[in-house]
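Open the model in your viewer and keep the selection panel at hand.

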Amino acid sequence: MINMFDETTAIVPSVLSPAVLWRDKAVANTFQRTDRPTVDTNKRSENAEWIECIIRVRDSQDKAAFATLFQHFAPRVKAFLMRSGADETLAEECAQDVMATLWQKAHLFDPSRASVATWVFTIARNRKIDALRKQKRPEPEDLPWGPENEPDQAEVLALQQECDQLGEAIATLPEKQRKLIEKAYFGDLSHTEIAEETGLPLGTIKSRIRLALDRLRHAMK
Amino acid sequence: MKAEITHHLTDALLMAYSAGTLPEAFNLTVAAHISMCDHCRARLGAFDTVGGTMIEDCGAAEMSDGSLEDTLQRITGIMPGREKRHVTSPDREILPRPIRDYVGGDLDSVRWKPVGMGVKQAILPTSRDAMARLLFIPAGSAVPDHGHRGTELTLVLQGAFADEVDRFASGDIEIADEELDHTPVADVGQDCICLAATDAPLRFKSMIPRVAQPFLRI
């Protein structure tokens, strides 16, 4: 099921398609051009909308776009932090911090490597480590991501499809397995308690992200 | 990025790093390996995507009145950054950026302390639930034979070493648990530099390192 669309999109990105920049105003239209029956269209256009908002924040400090992101993500980040052990006051404060970080780091978001929800998750997680565990969070070295090597639209779309498929796959996991994964992400399992075989179908999304990384590495040379 | 890394992170470590539940010393080691290894960087991206679905599906907690206005107030006047991010040039730098942040510079800024037989170490300032140290093993020398109470991650930054398990070269990570007793020996050609993270003290086989252990904090 995960692979259904793969052969059509896997080769398209950097090789065949013209380099349509994701900041292009035609972004929204491009997203509607490809119809995939297996993908939840509402969800997909939702991410396209978040991407558009981040571009507007990045390029024109658009506060209305920020408000749209805030209304969707702030309550989710707050819920995530409370599930992870923060009390309501701390979760509220941190959720605001996370959203402010979103504004400040809008230029670092690469939609060919992460959905907006994934990016929000990584910011929320780092804030959580800082606030709840009082520790620094060493992050991997950055890649040379910047406007001069923005991904083309096919890459962004393909990644979004992988994200949606993964979300569906997680939703349909057996209850026991899904609970274990939730426990790992809400901080209730140590690394030695996490199963080496998670049963998560991560192969295709990993390959997709790897393609985006290879493109960035190529652009570095 | 190194081309031929053959020893990678486990799924369990990547998921724990993504979830943010590892001790800081382990986070540092994972971040340093990922800086050198796009294979694991992509695998981490997949685990972060799982985290993204958690954000979407864990429900929504109502924000307090005025929270949007407060946040808008905070960001007013702040321009989302424009600068191109600093990128390592692999020809000149040996330590990956996450380690340089702890050392305060590259290899020439490391303050080594001798631990005997030419081996040197530098303990990095992480939280106390685990320990991270840089190890300098002279070409052809051995680290004393030791076992592990907890987990030991060893990331090769320069040169290579071999032990009872395999040979580990630049970018490779060895993940040792309680079942492994090993004597890492550096390759003859070049001094070997590693980052080692442990969440419990090592168990040395011979008397001398065991006596010295409390003083050397190894």
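Two residues are in contact if their C-beta atoms, placed from the backbone, lie within 7 Å. Select chain B and apply that rule: among contacts between residues at least 6 apart in sequence, 68% join residues at least 24 apart.

This is a predicted model; local features need pLDDT of at least 70, side-chain atom pairs count only at pLDDT 80 or more, and totals for chains, interfaces and linings use all residues. Residues are numbered from 1 along each chain as its sequence is written, with chains lettered from A and ligands numbered from 1 in the order in which they are written.

Stay on chain B. Colour by secondary structure: 6 helices and 11 strands (DSSP runs numbered from the N terminus; helices are H or I, at least four residues, strands E, at least two). Of the 218 residues in chain B, 45% are buried (20 or more other C-beta atoms within 10 Å of a residue's own, all placed from the backbone).

Next, select the interface. Chain A brings 70 residues and chain B 59. On the chain A side, H5(A) gives the most, with 12 residues.

Now select H7(A) and helix H3 (residues 38–57) of chain B. Their axes lie 7 Å apart, at an angle of about 90° (axes are lines fitted to C-alpha atoms over the stretch in contact; angles run from 0 to 180 degrees between N-to-C directions). H7(A) and H3(B) are therefore roughly perpendicular (65 to 115 degrees). Show side chains: the contact includes A:Phe121 and A:Arg125 of H7(A), with B:Met54 and B:Glu56 among the residues of H3(B).

How values were computed:
Angles under 35 degrees count as roughly parallel, over 145 as roughly antiparallel, 65 to 115 as roughly perpendicular and the rest as oblique. A residue is buried if 20 or more other C-beta atoms lie within 10 Å of its own, exposed if 12 or fewer, and partly exposed in between; C-beta atoms are placed from the backbone.
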